[in-house]
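Hello,

Here is the structure we talked about handing over. Please open it next to this message.

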Amino acid sequence: MHLNKADLKNTAKWESKGYRLPAFDYEKTTADTLHNPVWIHFGAGNIFRSFPAVLMQTLLEKGAAHTGIIVGEGFDFDIIDRIYRPHDNLSLLVTLNSDGTVDRQVVASVAAAWKCGAAYSTEWADFKAAFEKPSLQLVTFTITEKGYALSRGGGSFFPAVTADFESGPEGPLTGMMSKITALVYHRYLCGKRKLALCSIDNCSRNGEKLQTAVTTVAGKWVENGFCGSGFLSYLNNSVSFPWSMIDKITPRPAESVQKILTEDGFADTGITVTGMNTYIAPFVNAEKPQYLVIEDDFPNGRPELEKAGVMFTDRDTVMKVERMKVCTCLNPLHTCLAVFGCLLGYTRISDEMKNPVLNTMVRRIGYDEGLPVVSDPGIISPEAFLKEVLEERLPNPFIPDTPQRIATDTSQKLAIRFGETIKAWETDGTLRTENLRLIPLVFAGWLRYVMGIDDSGNEFTPSSDPLPDTVRTRIKDVRLGDAGPFDEMLRPLLADDSLWGVNLYDAGLAARVAGYFTELVAGIGAVQKTLERHVK
């Protein structure tokens, strides 16, 4: 079996192996989409292929939609060249159920996949033509949190962003936010047509990040004389930036899944790593549970995605759902397992859940330190969500997710995943932050992780992160077996509220973090011993 439209015509061959094929006319859908596009998505990676693309396929199969998605990639063009085009824009979704069964579905809702870059003038013209269309209702994004950043830590703009300010909407443009703003400006010139720009990235206040980036670029272009002030009025009055919360664990394509597919007779199982370090394959593997909650603010209408399980609500509810997941019920637990999993030599999140100390630790972080300050969003039960995470999702042995993947960019996550909970404890009249025991242990564990030495004394390479070199400089003289004290050495770090979300001295937690760090660096095996001592 080869993943292309010609081979799919032999339906019996695929269906005999349990592969679910598209139940709609995808050739007609492609033509209709290019003529009257409704949905454009930027970020062609694995999460898009496993979730938004499948949502649209569900609508197409139900007859609730007649057009698919145009997907654009503005960062890693290898994804288009090596995955989409050789396979006629088809993907194979492999769903890894917690009972060990595997579902296989060919996804054909992507009508076109284009590169969004200055070097690809023909495809840029295609994007502009699509943005002109009155039919276009929404543009969504899964470009990671870094994709919205125009500056580092609130400082000066990145040089490439400054260059985009000076180039104007006609470019050439480098940054993704500049490209998007230019396309929206083109839509403005073609009739001021309404549109929704919706980030569905896994980051806090994603709609706000997107809106801030687009309006900042637009404002600079107005200042520099490239656009009239009417463009800013258009962005404020005719373009919406709905907030959202997305949740679906989608690991890198795994060799274990590759083996299953090969045994089926599926031939296109090659796993490759792009020049941008993206792990890709013609298939994408993911868990079954998934959640997408979106603020219902679409001035030009939207697809009936509620028929595919998307929950539409108001912004306040989206914020509560996002805080529930990101600050309490999933992301903090993932970060805890990532940090200590790397230190203890684990390569599977599910294997960590078999460690009674780590299992107890994430349960206590969720139930004891998170749930007391969670805001119930009403549409999803925090208790039920947390129970599913702890008992079904994280322990799922068939999800090949690694602590090393989750540990990527941890410095950018700590303030949200834990700092917001600390703030909530500070403002709650019945709780005292000094009763927090395990969140400070995660902080100390991350400092220990940044040293790049595991609990057996072996060096390892920490996952990519924009900040750790700064942190590592502060602790560069610490050696495994040192007795401390490290209070003064750590003081600048522990007082940095941009890192933790709060000044740990003001929160009354700095001494505890420093104390835990001292225990964690005491010698070989100190990480496991420290966990056993404090988690109980």
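The model is predicted, so the notes describe a computed structure.

Helix α20 covers residues 438-450. After α20 comes G452, which has a positive phi, near 75°.

The largest nonpolar core contains 74 residues. Its largest share comes from α20, which supplies 10 residues. F340, M361, W446 and L447 have the most contacts inside this core. There is also a second, separate core of 61 residues, with W39, L92, A196 and I249 among them.

What does W446 touch, leaving aside its neighbours within four places in sequence? Its contacts are V339, T410, S411, L414, P468, V471, L499 and W500.

The loop residue is T433, which sits between α19 (414-427) and α20. Is T433 buried or exposed? Its relative accessible area is 9%, and buried means under 20%, so T433 counts as buried. Leaving aside neighbours within four places in sequence, T433 is in contact with I422, W425 and E426, and also with A507 and L509.

Regards

Note on methods:
Residues numbered from 1 in each chain as written. Predicted model: local features only at pLDDT ≥ 70, side-chain atom pairs only at ≥ 80, totals over all residues. Heavy atoms only, no water. Helix = DSSP H or I, 4+ residues; strand = E, 2+ residues; numbered from the N terminus. Buried < 20%, exposed > 50% of the residue type's maximum accessible area, 1.4 Å probe, protein only. Contact = heavy atoms within 4.5 Å. Core = buried A, V, L, I, M, F, W, Y, C linked by side-chain atoms within 4.5 Å.
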